Amino acid sequence: MSPINREPVALLLLSALFAITLPFSFACDGVCTATGFELYNDTLYRYAARTVYYDEYYSECCGSWCWSTCYGTRVASRIENYMVSYTQPAYRSVIAYRCCVGFVGCPATTCLDINECAPNGGLGPCAQICTNIPGSFQCSCNAGYTQLGYACNATCSPSCVHGQCTEPNICTCNSGWTGGACDDDVNECAPNGGLGPCAQICTNTPGSFQCGCCNAGYTL
């Protein structure tokens, strides 16, 4: 008597573990070895119940006073357990061989330091001095300069009042100014007998000058 399953279900083969690896997040605990957690889809299994229908043979007395036995089939049912699979996200601890920032060479067991100072004639990304250190680098400046990121800015003491500090303690003055700190006004009217570049009247002003006319009938 073969059961007739009127609710067919495809049973899945059991597997120990089915994982879909997603991006791995890690924290460096060495040059080459990283440990962390990996998100994956874990496949689990559970039992479910279903009703199975089948043909059942039977016999019973029939006729007046049960003088004979009748045989036949009828539809019967029973509850049957079966296994189904499902997935759910899970985390697992993993060890990955990968280089931390500033190193190359994995998946070998030893990573090699990247010399960030090698390009640009040994300066790397730095303006003046580049020092390679394990996994990174450091920029520094020569005496008389202050560091700003990778750049080095010259310093002047005293500071340049009307100009720019282009080299340590050397100011490049704006037009109309002179002196070590660019704080001395240039008297543009001094040449030419006090006329400077003017035809009749020259008036010196801080950092500049003004021309004027004194005789009637003249305009600038």
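Glu56 counts as partly exposed because its relative accessibility is 25%, and that category lies between buried (under 20% relative accessible area) and exposed (over 50%), using a 1.4 Å probe and protein chains only. That's my starting residue today, so hello everyone. Before we go on: this is a predicted model, where local features need pLDDT of at least 70 and side-chain atom pairs count only at pLDDT 80 or more, while totals for chains, interfaces and linings use all residues. Residues are numbered from 1 along each chain as its sequence is written, and side-chain values use heavy atoms, with hydrogens and water left out.

Back to Glu56. What does its side chain meet in a salt bridge? The partner is Arg74, at 3.0 Å from N to O; a salt bridge here is a side-chain nitrogen of Lys or Arg within 4 Å of a carboxyl oxygen of Asp or Glu. Strands are DSSP runs of E with at least two residues, helices are runs of H or I with at least four, and both are numbered from the N terminus. Arg74 is partly exposed too, at 44%.

How many salt bridges does the search of the whole structure find? It finds two. In the other one, the side chains of Arg50 and Glu80 meet, again with 3.0 Å from N to O.

Is Arg50 buried or exposed? Arg50 is buried, because its relative accessibility is 8%. Glu80, at 24%, is partly exposed. Arg50 has another feature for you: its charged end sits over the ring of Tyr82, 4.4 Å from the ring centre. The test for that takes NZ of Lys or CZ of Arg within 6 Å of the ring centre and within 35 degrees of the ring normal.

Tyr82 turns up again when we look from Tyr47. Tyr47 is found in strand 3, residues 33-62, and is exposed, because its relative accessible area is 61%. Leaving aside neighbours within four places in sequence, Tyr47 is in contact (heavy atoms within 4.5 Å) with Asn81, Tyr82 and Met83. Tyr47 and Glu80 are 33 residues apart in sequence, and their C-alpha atoms are 9.9 Å apart in space.

Let me zoom out for a moment. The chain has 16 strands and zero helices. Of its 220 residues, 23% are buried. If you take the contacts with a separation of 6 or more, 38% of them are between residues 24 or more positions apart.

Now to the rings. The whole-structure search finds one aromatic pair. Phe137 and Tyr150 have ring centres 5.9 Å apart and planes at 50°, so the pair is tilted. For the record, rings of Phe, Tyr and Trp (its six-membered ring) pair if their centres lie within 6.5 Å, and planes under 30 degrees apart are stacked, over 60 edge-to-face, the rest tilted. Phe137 lies in strand 8 (136-140) and Tyr150 in the loop between strand 9 (145-148) and strand 10 (151-154), so the pair ties together parts 13 residues apart in sequence. Tyr150 is partly exposed, at 48% relative accessibility.

Last stop, the backbone. Which bond joins Ser157 and Pro158? A cis peptide bond does, with omega about 0°. Pro158 is placed in the loop between strand 10 and strand 11 (163-167).

Asn169 is not a glycine, yet has a positive phi, near 60°. Asn169 is found in the loop between strand 11 and strand 12 (170-173), and counts as exposed at 52%. Cys182 also has a positive phi, near 55°, in a residue other than glycine. Its loop runs between strand 13 (177-178) and strand 14 (184-185). Cys182 counts as buried, because its relative accessibility is 0%.
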